[in-house]
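Open the structure in your viewer and keep the sequence panel beside it. The stops below say what to select next and what is there.

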Amino acid sequence: MKGSRGKAESRAGQGTGGEVRKRIASGARAAVASLLAGGMAAAVVKRFRAWREKVMPRRDPLLPWEGYSLCSRDGTRIAVRRIGGGKQGALIVAHPAVTGQRYAPLVDLAEMLAAHFDVYTFDFRGHGDSSGILGLGLAGPLQDMETVVDHVREKGYAWLGAVGFSLGGMTSLVHAALRPGLDAVASVSAPPALPDIEPYRRWLPAWFLFLRLLGARFSAVPEGGPLPIDVAEGFPPLPLLVVHGEREAFYSRRDLEMMLEKLGDRAEFWEIPEAGHTELAGRELDLVRWLVERSATSQAGSPARNA
């Protein structure tokens, strides 16, 4: 009996040891799989970040700059930067959607402009260090632009202009049409109207998730607000430059021509060969000269329209 019980205990011990070994092996396989999955995930994240940096490079200004926050009428915190200081004139540079004020091509231009102006950049709501979410429409961005324009104007500059790209161009143009404060506007690749998104609404959540990965916070909630084509006919007599790229793909040529027709001779128009959306394609210095000349002459005369 004693021997039989010993053999049984031995077999039980072997069985228990086998279970332990199986568990260890299973845990090891799970750990290896987890490490592999983690490594793959890290590699994917690394590649995505490299791709994002390539298509949307970001940097801080090399020139001295000061950063601070303002508060819009609806309580949204707006992150602002001032590059340079001590100039008689000031210029607001407004970024395209999704990018933000640290978008490298925007910073490049801001640094060029800082030789002539105190330059102010900012993040629209839902971008960069600003709070909030950007909805569908210009109601929110117009509040952001209003906040920055009023703030800069209060500093007593003799002249204040704005150059905006895409979303920034839309808000600059509409703000100048509806409110005082700006002495000149350059609008680059600004869509005259918003596209009809209804056919694509089912895909918006996935699209907004992708934009979030790029660093922008969007919402599919319609916010309304006037658009450039709505205010073009009543645009005031101040210098306005409309810049359009020959390879523009974000809005229709028909909408552009309708807006230009409503603006009439109140706008100067540049079409840049081979330029895509928000691209100046080597015309950066021309844009700087245009702004410097308009600041020197202020509101004297009306801009001529170029073909």
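**A pocket and its lining**

Sorted by class, the residues that line the second largest pocket are eight nonpolar, two polar and three charged. In this count Ala, Val, Leu, Ile, Met, Phe, Trp, Tyr, Cys and Pro are nonpolar, Asp, Glu, Lys and Arg are charged, and the others, Gly among them, are polar. To find the place, select Tyr103, Pro105, Leu106, Phe165 and Thr278, which lie nearest the centre of the second largest pocket among its 13 lining residues. A pocket here is an open set of points on a 1 Å grid over the protein atoms alone, where a 1.4 Å probe fits, with protein on both sides within 12 Å along at least five of seven lines; lining residues have an atom within 4 Å of a point.

Next select residues 104-113, helix H2, which gives the most to this lining, with five residues. The volume of the second largest pocket is about 230 Å³, where volume means the space filled by probe spheres set on the points, and grid points are joined across faces, edges and corners.

**The whole chain**

This is a predicted model, in which local features need pLDDT of at least 70 and side-chain atom pairs count only at pLDDT 80 or more, while totals for chains, interfaces and linings use all residues. Residues are numbered from 1 along each chain as its sequence is written, and side-chain values use heavy atoms, with hydrogens and water left out.

Zoom out and colour by secondary structure: the protein chain has eight helices and ten strands. Both kinds of element are DSSP runs numbered from the N terminus, helices being H or I with at least four residues and strands E with at least two. Of the 307 residues in the protein chain, 45% are buried. Buried means under 20% relative accessible area, exposed means over 50%, and partly exposed is in between, with a 1.4 Å probe and protein chains only.

The chain exposes about 15,700 Å², and carbon and sulfur atoms supply 57% of that area; the method is Shrake-Rupley with a 1.4 Å probe, and for residues only the protein chains shown count as cover. Among contacts with a separation of 6 or more, 75% are between residues 24 or more positions apart. A contact means heavy atoms within 4.5 Å.

**Salt bridges**

The count of salt bridges is 16, each being a side-chain nitrogen of Lys or Arg within 4 Å of a carboxyl oxygen of Asp or Glu.

- Select Asp60 and Arg81, whose side chains form a salt bridge at 2.8 Å, N to O. Asp60 sits in the loop between helix H1 (2-55) and strand E1 (65-71) and Arg81 in strand E2 (residues 77-83), so the pair ties together parts that are 21 residues apart in sequence. Asp60 is partly exposed at 33% relative accessible area, whereas Arg81 is buried at 10%.
- Select Arg125 and Asp144, a salt bridge with its closest N and O atoms 2.8 Å apart. Arg125 is in the loop between strand E4 (118-122) and strand E5 (134-137), and Asp144 is in helix H3 (residues 139-153), so this pair ties together parts 19 residues apart in sequence. Both Arg125 and Asp144 are buried.
- Select Arg283 and Asp286, where the closest N and O atoms of the salt bridge are 2.5 Å apart. Arg283 is partly exposed at 24% relative accessibility, and Asp286 is partly exposed, also with 24%.
- Select Arg59, Asp108 and Glu111, which salt bridges with shared partners join into one network.

**Backbone and loops**

Which residues other than glycine have a positive phi? Val98 is one, with phi near 80°, and Ser166 is another, at about 55°. Most residues other than glycine have a negative phi. Val98 is in the loop between strand E3 (89-94) and H2 and is buried at 14% relative accessible area. Ser166 is in the loop between strand E6 (159-165) and helix H4 (167-178), buried at 10%.

From Ser166, move to Ala190, which touches Ser166, Gly169, Met170 and Tyr251, leaving aside residues up to four places away in sequence. Ala190 lies in the loop between strand E7 (184-188) and helix H5 (204-214) and is buried, with a relative accessible area of 7%. For the last stop, select Leu204 in helix H5, which is buried at 9% relative accessibility.
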